[in-house]
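Subject: Structure for you to look over

Dear colleague,

I am handing over the structure below, and I would be grateful if you could read my notes beside it.

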Amino acid sequence: MAAVKETVQHVEALEKYQHGFVTDIDQEFAPKGLSADIVRFISAKKGEPQWMLDWRLEAYERWLAMDAPEWAKVKFPPIDYQDSYYYAAPKEKSGPKSLDEVDPELLAVYAKLGIPLKEQAVLAGVEGAPRYAVDAVFDSVSVVTTFKKELGQAGVIFCSMSEAIREHPELVRKYLGSVVPVSDNYYACLNAAVFSDGSFVYVPPGVRCPMELSTYFRINAENSGQFERTLIIADAGAYVSYLEGCTAPMRDENQLHAAVVELVVHDDAEIKYSTVQNWYPGDPETGKGGIYNFVTKRADCRGDRSKVSWTQVETGSAITWKYPSCVLRGKDSVGEFYSIAITNGRQQADTGTKMIHLGEGSRSRVISKGISAGRSSNTYRGLVSAHPKAKGARNFTQCDSLLIGKTCAAHTVPYVEARNGSCVFEHEATTTKLSEDQLFYVMQRGLSQEEAVQLLVNGFVKDVLQELPMEFAVEAQKLVAISLEGSVG
Amino acid sequence: MLHIENLHAQVGGKDIIKGLTLDVPAGEVHAIMGPNGAGKSTLSYVLTGRSGYEVTEGSATLDGEDLLALAPNERAAKGLFLSFQYPLEIPGVPALTFLRTALNAQRKARGEAEVSAPEFLKLVRIKAGELKIDFEMLKRPLNVGFSGGEKKRMEILQMAILSPRFLILDETDSGLDIDALKIVSEGVNAVRSPDRAMLVITHYQRLLDYIKPDRVHVLAAGRIVASGGPELALQLEAEGYDKYARAA
């Protein structure tokens, strides 16, 4: 039986937010605050070419003229953008060339997070065990990317964004901002101005990426924001599966994470993008601290028969504002969105997807599972639209909410716009409360209350967990359990 | 085995069980019969520890151990099993996963090793076969879309796997056609043994044709108002509960 289905067996002892430690690493900061000079500082630090600096400065100018969006169902005090650091990096003379050059302190951080950076350790594993190439981003910079050589042999480029700007400027210039334009929205525009690093992936035509790629993002520094930018291009007939994971220390102030992810998918290509987001959610009682996760993720299925699949497990962050979307431009292109969003304590999530059908025969599928507990608020917001040319477009949306306890809230805000008569859009939604009857039934069979909640919740989210790469599904399952600790009784 | 002494219990502030005393020795099957609203289901929930069922007086022990002080899962680990009148649906959790999780949770609570996958599957195959449950059905989420009869058979399968010492069957015959009733009863009879005991709660005498009780008790207005041998069930079937309801 698949590990995914073995639900609760894998759920280990419950723990509090376990990534809340701070690492004392010698770091270098840009001066506090935001200005054109800071943008220049960041660009200079990274040794960027003029075109990149110009791009950033233009974004900064545009950002100054924009207003923060206020339509989401989340509440927070205005952000003082001058009270934050926009660049924080572990001190080092120059970028690390290999693992041996990386500060051992830093490697220890990733070891503590359970992230396998040591290629040899991974390689020493059992024959046939899955291997993951990892890019680790610590505050503002990518500290190490593993398995580069092996990926290089397959023609796959997997490196930090800074490196891509230096080494592959033609690809970066061609694709950067082509999916999420500079001034797409307030946070994406801010990101364009000050983004520090992120991952870059290019899979050449016809290549199936030989391993899972993943990036781990870690915010460590105090009063700093993280603005990473990820760009993934699957050329014609290529395939890649990519996973990102995120954690942060427990801090009393709110930290801003405004990332941009752009996916470009050509003819017959496929990108599977999975996220396990576990940023510090803030204090469950007072709501103090936690990450503001204001992220723009979009895939451009520009090729015919191209496919993108977003899978996200969102358990952390004080506030989540995030709508991984698909622009289904290609004929018969396919977009999928599978989401588990869990809110507990004082968390607020406003998340969902946009499926924009432009191509004839394009299809999309949305499965969203929202779980609210504590005094949290959880909103699904989704758009499905079809252009007049998107003849025969199809969408199926299923949107389920589960409420645990009496003080939480769940909202569903679907937008459906069909501009031609031949598309078929289906929307199903349910809201249920974790029932006392079910809990008692499961407990009568021998499970404790916590175990019973985990079993029922894992059952509720099973459809989505199945979409994650298997090892991560197990991780995600544990995360689900941890996030809901103390939510009942 | 099970000893209940002067038990009083409330639901939502209302007295439902009012001074119930009952002894079920090991190896015996006792039937509890009575009119609607007599407190039959309440008794089963009080014994298994459902929240909202508050004991105000009296005691209930299993082999001398105080049941009322334990959480529902702890009572289950001690070997107390309730076959529900209306088994719950558990979406997304395959019956097999549910069974194995429950079995291992109980074993863990008793300090026993977890059952291995092959061992578990072998056990399930045998027991499912006896209850004429298609093994494929066990890969489906527990009880979701199952018929009434299938759900009841699933309860008996859980019982057979968990191997409890004390069984409470709450209206197990409701919703069963005659063939299903036979299968279920055979399943129950198969676990009868000198070191087990059971309480069979039922409205009708019909079930007792298949699961033969050693003693029959009449529960009315929260108390045992009459007790006797199997013949009492037949008498009730003929005469109804009227006189007991009035007496109470």
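Predicted model: local features only at pLDDT ≥ 70, side-chain atom pairs only at ≥ 80, totals over all residues.

Residues are numbered from 1 along each chain as its sequence is written, and chains are lettered from A and ligands numbered from 1 in the order in which they are written.

Helices (H or I, at least four residues) and strands (E, at least two) are DSSP runs, numbered from the N terminus. Helix α5 of chain B covers residues 148-162, and its end C-alpha atoms are 21 Å apart, in agreement with the 21 Å that its 15 residues should span at 1.5 Å a residue (the expected span being 1.5 Å times one less than the number of residues). Because 11 of the 15 residues of α5(B) are buried, the helix is largely enclosed by the rest of the structure; a residue is buried if 20 or more other C-beta atoms lie within 10 Å of its own, exposed if 12 or fewer, and partly exposed in between, with C-beta atoms placed from the backbone. Among the elements covering those buried residues are α3 (95-109), α4 (117-130) and α6 (178-190) of chain B. Just after α5(B), B:S163 takes a positive phi of about 50°.

In chain A, A:V327 lies in strand β16 (residues 325-328), and A:V327 counts as buried because it has 23 C-beta neighbours inside 10 Å. Leaving aside residues up to four places away in sequence, A:V327 touches A:R298, A:A299, A:D300, A:C301, A:I356 and A:L358, where contact requires C-beta atoms, placed from the backbone, to lie within 7 Å.

The contact between the chains takes 22 residues from chain A and 24 residues from chain B. On the side of chain A that touches chain B, α9 (436-444) and α10 (449-465) each supply at least two residues, and the largest share, 7 residues, comes from α9(A).

Finally, helices α1 (residues 36-45) and α2 (residues 50-64) of chain A pack at an angle of about 155°, with their axes 10 Å apart; axes are lines fitted to C-alpha atoms, for helices over the stretch in contact, and angles run from 0 to 180 degrees between N-to-C directions. The two helices α1(A) and α2(A) are therefore roughly antiparallel to each other (under 35 degrees counts as roughly parallel, over 145 as roughly antiparallel, 65 to 115 as roughly perpendicular and the rest as oblique).

With best wishes

Terms used. Contact = placed C-beta atoms within 7 Å.
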